[in-house]
Amino acid sequence: MVQGASIMLSGLEQLPSIQFGDFTLQFELDDLPPSAREIARKELRETPEVSKDAVATLRDMLKDENDLHLPLDNDAWLVRFLRPCKFHPQSAFELVKRYYAFKVKHFDMYRNLLPSREQNIFNHNILTVMPNRDQYGRRMLLIELGKKWKHNKCSLDEVFKGCVLFLEAAMLEPETQVAGAIVIFDMDGLSLQQVWQFTPPFAKRIVDWLQESVPLRIKGIHIVNQPYIFNMVFALFKPFLREKLRNRIIFHGSDRNSLHQHVSAKCLPLNYGGTLEMPQITGPQWLELLIKCDAEYEAINSYGYKKVLNK
């Protein structure tokens, strides 16, 4: 079996990849590089002994949750929840339950959620993951909800589902589990008509998802190129934000030096004042890879609270 196959719940024998010239686009399922291993040790208390004990304890705790169907024989899946909780089994146990409870609460968003069924959001090319990582090894998700967003052809619910698909993929990657991810919202050209698409229930869903339910370290949310009317959008989100996440939301406007204080210019393309010359991967190109992973998303969808799985 290829390296990384044991990480994937579907047990894919061959890890999907897409070739663009000299560049190969694929999930990074290799073991932790030395830099990430050091972050894991310092920030997450991760050692082979701590990991082994925590995995065993979490597995035993979850065995008693009879209303949950879980892949308890998969150590990599258990580690996915332990890493963002710094290998505290009780915290990871609660995170597992919140993760699946959120899927129950928002069943309409998660039902049959597969890349092949959500092609529209990727084809609009307003949601993409940069091919490189930032200076701390974190994945970078870029969402463009301004002039590129045709809100009458691509809804915010579709944007949300696209983000879920990307973050589920990111959760597979050991280095991303350790280093985390950042999100860049490019709001250039945001119109009043687009502002009206945002509602308090949508804002609460997004914040609940990020604060309570995602087993991933969200290390920063960077707002760039936002016009003044973006304040109306942020006002919807603000009541639901707790201090930890609120402090990680940073407004940069058109000030590239401000952005570069958090994300190195070496890791950013020219349009964000960076010096990176690596070709950017478009939404349709990511879709090509994600569709090859439909079987993995089907496996992800096969676990959770039994009352929903039986619907």
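Surface patches are built from residues with over 30% relative accessible area and no salt bridge, like charges being joined within 9 Å and nonpolar side chains (Val, Leu, Ile, Met, Phe, Trp, Tyr) within 5 Å. A salt bridge is a side-chain nitrogen of Lys or Arg within 4 Å of a carboxyl oxygen of Asp or Glu. The model is predicted, with local features requiring pLDDT of at least 70 and side-chain atom pairs pLDDT 80 or more, whereas totals for chains, interfaces and linings use all residues. Residues are numbered from 1 along each chain, and side-chain values use heavy atoms, without hydrogens and water.

One nonpolar surface patch consists of L192, W196 and M232, which together have about 330 Å² of accessible area (Shrake-Rupley method, 1.4 Å probe, only the protein chains shown counting as cover for residues). M232 belongs to helix α11, residues 230–237 (helices are DSSP runs of H or I with at least four residues, strands runs of E with at least two, numbered from the N terminus). M232 counts as partly exposed because its relative accessibility is 42% (buried is under 20%, exposed over 50%, partly exposed in between).

In helix α14 (residues 283–291), the residues G283, W286, L287, L289 and L290 are buried. They line one face of the helix, since viewed down the axis they fall within an arc of 165 degrees (directions from the helix axis to the C-beta atoms). These buried residues pack against β1, β2, β4, α6, α7 and α15 (contact: heavy atoms within 4.5 Å).

Overall, the protein has 16 helices and nine strands, and buried residues make up 54% of its 311 residues. The C-alpha trace spans about 50 × 40 × 35 Å along its principal axes.

Note on methods:
Buried means under 20% relative accessible area, exposed over 50%, partly exposed in between (1.4 Å probe, protein chains only).
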